[in-house]
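Open the model in your viewer and keep the sequence panel beside it. The stops below say what to select and what is found there.

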Amino acid sequence: MSLSHGHSATSPQRPGGAVSTILIVEDEPAIATAIAQRLTAEGWRTEVARDGVSAVDAAARLQPDAVVLDVMLPGIDGLEVCRRIQAERPVPVLMLTARDDETDMLVGLGVGADDYMTKPFSMRELVARLKALLRRVDRAAQVSATPSAESKIEVGDVVVDRDQRRVYRMDEEIHLTPTEFDLLVMLASAPKTVLTRERLLAEVWDWVDASGTRTVDSHIKALRRKLGADLIRTVHGVGYAFEPPEGI
């Protein structure tokens, strides 16, 4: 069901003047309509899918620039939808969950979601998070198009290839989401330096509201689960530092 294919004069255009398309996957009509109307007012094209199967079909047909995805859906749930969409083509996914449960968040991040928000949420924050996701995709494309001499970061037994956006530990490739990759680059670029949650939030998410710092914490947990718990040190009350164990 398409709610809008128009855009306003203040449309947040991508490089080259293209207008972003956002797929909204939400089975509650009132919430879906409210999100679609707000995103349309921001100048984005929007389309709504009401269940998991039609969401996967819509993602394949539309090739959206980002997906707003509710976890609880009829048919196949949001986690399986995210897996299937990401298997076809990497796309930023902002997951919506009705429960403020860290386990849900970590599972969502584990299947390829880039960010999450707990219902009820503010539309202003939703728009800001989406803009941040789209900016990061554009930045990554620019980095890939202009390879740098310092394309690889090597710290201990971890190698981060910025041009290829690949990560290896002990020569084994580790699959990270785009957000996890950007977070790791920030940390690994300044080993043994404590980076505050607020700075990580501002640099990686382009989000400056301290209410988002739990997002940072959840992504750090996901990184530790994939890379090993020994690489990132928590500095309580401050932030995190990338510190591989001595001798590797």
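Two strands count as paired if DSSP finds at least two bridges between them. Helices (H or I, at least four residues) and strands (E, at least two) are DSSP runs, numbered from the N terminus. This is a predicted model, in which local features need pLDDT of at least 70 and side-chain atom pairs count only at pLDDT 80 or more, while totals for chains, interfaces and linings use all residues. Residues are numbered from 1 along each chain as its sequence is written, and side-chain values use heavy atoms, with hydrogens and water left out.

**Stop 1: a sheet.** Select residues 158-161 and 166-169. These are strands β8 and β9, antiparallel and joined by 4 bridges. Pick Val159: its bridge partner in β9 is Tyr168. Now widen the selection to the open sheet, whose 4 strands follow the order β7-β8-β9-β10 with antiparallel pairing. From one strand to the next the twist averages 25°; axes are lines fitted to C-alpha atoms (for helices over the stretch in contact), with angles running from 0 to 180 degrees between N-to-C directions.

**Stop 2: a helix on the sheet.** α6 lies across β7, β8 and β9 and runs at about 115° to β8.

**Stop 3: two helices.** Which helix does α6 cross at roughly 85°? Select residues 213-227: this is α8, and the two axes come within 10 Å. The angle makes α6 roughly perpendicular to α8 (65 to 115 degrees; under 35 is roughly parallel, over 145 roughly antiparallel, the rest oblique). Show side chains for the contact (heavy atoms within 4.5 Å): α6 gives Thr179, Glu180, Leu183, Leu184 and Leu187, and α8 gives His219, Ile220, Ala222, Leu223, Lys226 and Leu227. Of these residues, 7 are nonpolar, 2 polar and 2 charged. Ala, Val, Leu, Ile, Met, Phe, Trp, Tyr, Cys and Pro count as nonpolar, Asp, Glu, Lys and Arg as charged, and the others, Gly among them, as polar.

**Stop 4: a hairpin.** Select residues 232-235 and 239-242, the antiparallel strands β12 and β13, joined by 4 bridges. Val235 has Gly239 of β13 as bridge partner. Between the strands are 3 residues, and Gly237 in this hairpin takes a positive phi near 80°.

**Stop 5: confidence.** Colour by pLDDT, the predictor's confidence in each residue from 0 to 100. The protein's mean is 84, with 85% of residues at 70 or more. Over residues 1-11 pLDDT stays under 50. Where pLDDT is low, the predicted coordinates should not be read in detail.
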